[in-house]
Amino acid sequence: CDWSSDVCSSDLVEALEIENPSNKEYNVLRPWLLPCLMKTLQLNKHHEYPQNIFEIGTCFNNKKEVAKLAVSLCNEKADFTKIKQILDGLLRSLEIDYKIEEVNHASFVNGRVGKILVKGKKIGYLGETSPKVLSNYDLTMPVSCFEIDLSELHNEI
C-alpha cells in the first residue's frame, strides 16, 4: 500500500521524481514519514514488542519542503485511543488546542481514523493502520500512528 496514493482525494500529494536516482527503490522524494516507520517495524519484527518509534524529518508535499513528525505504536494493544493519548499529551504540553475530525483514509481502519485540525487547518492524520497496509508490510501486530506537518503547525500557532 503506497501511503502517498491512499490519502483523502482532497489531499492528494504529487511525489517529486528524482531525475537520476542512484537506486530504483528510491526514485522519489518522500511525501510521508509513516511508510519509513512501517518499513522499520517490518525489519524489526523479530525483536521484542512493544515497538514504539518516531521520526522527525523532511518531506516534500506539492513541490514544497516540509518538516513532519510521525509516531507509531506497534503492540497487541495499539489502537486509536492509545495513539490519540500520545498526540494529546504532545499538543497539550505545547498548549495547542486541536480537534479530530473523522475521515475516510485508505491507509487506516474506517471509523478509527481522524484528521488533526489546529485552528480549522489540517495538520495531519492519526489512526489504526489498515489490515491491508499491515499485510503489505508483513506485520501481524496492530499498529496505530499519527503524522503531523510541523511546518503547518508552526504557521498556525
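Reply: Helices (H or I, at least four residues) and strands (E, at least two) are taken here as DSSP runs, numbered from the N terminus. From the N terminus on, the elements of the protein chain then read β-β-α-β-β-α-β-β-β-α-β-α, which comes to four helices and eight strands. This is a predicted model, in which local features need pLDDT of at least 70 and side-chain atom pairs count only at pLDDT 80 or more, while totals for chains, interfaces and linings use all residues. Residues are numbered from 1 along each chain as its sequence is written, and side-chain values use heavy atoms, with hydrogens and water left out.

Me: What is the mean pLDDT of the protein chain?

Reply: The mean is 85, and 82% of the residues reach 70 or more, where pLDDT is the predictor's confidence in each residue, from 0 to 100. Over residues 1-10 pLDDT stays under 50, although the model has 29 contacts beyond four places in sequence for that stretch, a contact being heavy atoms within 4.5 Å. Where pLDDT is low, the predicted coordinates should not be read in detail.

Me: OK, and the sheet, what is its strand order?

Reply: The order is β3-β4-β8-β7-β6-β5, an open sheet of six strands with antiparallel pairing, where two strands pair if DSSP finds at least two bridges between them. Strands β3 (51-61) and β5 (99-102) stand at the edges with a single partner strand each, so one side of each is left without a neighbour in the sheet. The twist averages 20 degrees from one strand to the next, with axes as lines fitted to C-alpha atoms (for helices, over the stretch in contact) and angles between N-to-C directions running from 0 to 180 degrees.

Me: Which helices pack on that sheet?

Reply: Helix α1 (residues 34-43) packs on the sheet and touches β3, β4, β6, β7 and β8, its direction making about 35 degrees with that of β4. Helix α2 (residues 80-93) lies across β4, β5, β6, β7 and β8, and runs at about 30 degrees to β8.

Me: β8 keeps turning up. Is it buried or exposed?

Reply: Strand β8 (residues 143-149) is mostly covered, since seven of its seven residues are buried, that is, under 20% relative accessible area, against over 50% for exposed and in between for partly exposed (1.4 Å probe, protein chains only). In a regular strand the side chains alternate between the two faces of the sheet. Here Val 143, Cys 145, Glu 147 and Asp 149 point one way, with Ser 144, Phe 146 and Ile 148 pointing the other way. Seven bridges join β8 to β4 (residues 64-74), with Ser 72 opposite Cys 145, and five bridges join β8 to β7 (residues 121-129), with Glu 147 as the bridge partner of Tyr 125.

Me: So what does Phe 146 touch?

Reply: Leaving aside its neighbours within four places in sequence, Phe 146 is in contact with residues including Leu 69, Ile 83, Leu 87, Leu 90, Ile 116 and Tyr 125. Phe 146 is also one of the residues with the most contacts inside the largest nonpolar core, which has 16 residues; such a core is a set of buried Ala, Val, Leu, Ile, Met, Phe, Trp, Tyr and Cys residues joined through side-chain atoms within 4.5 Å. β4, α2, β6, β7 and β8 each supply at least two residues of this core. A second, separate core of twelve residues includes Trp 32, Leu 37, Val 103 and Val 113.

Me: Changing topic: how many disulfides?

Reply: A search of the whole structure finds zero, a disulfide being a pair of cysteine sulfur atoms within 2.5 Å. For Cys 59 the closest cysteine sulfur, in Cys 36, is 7.3 Å away, too far for a bond.
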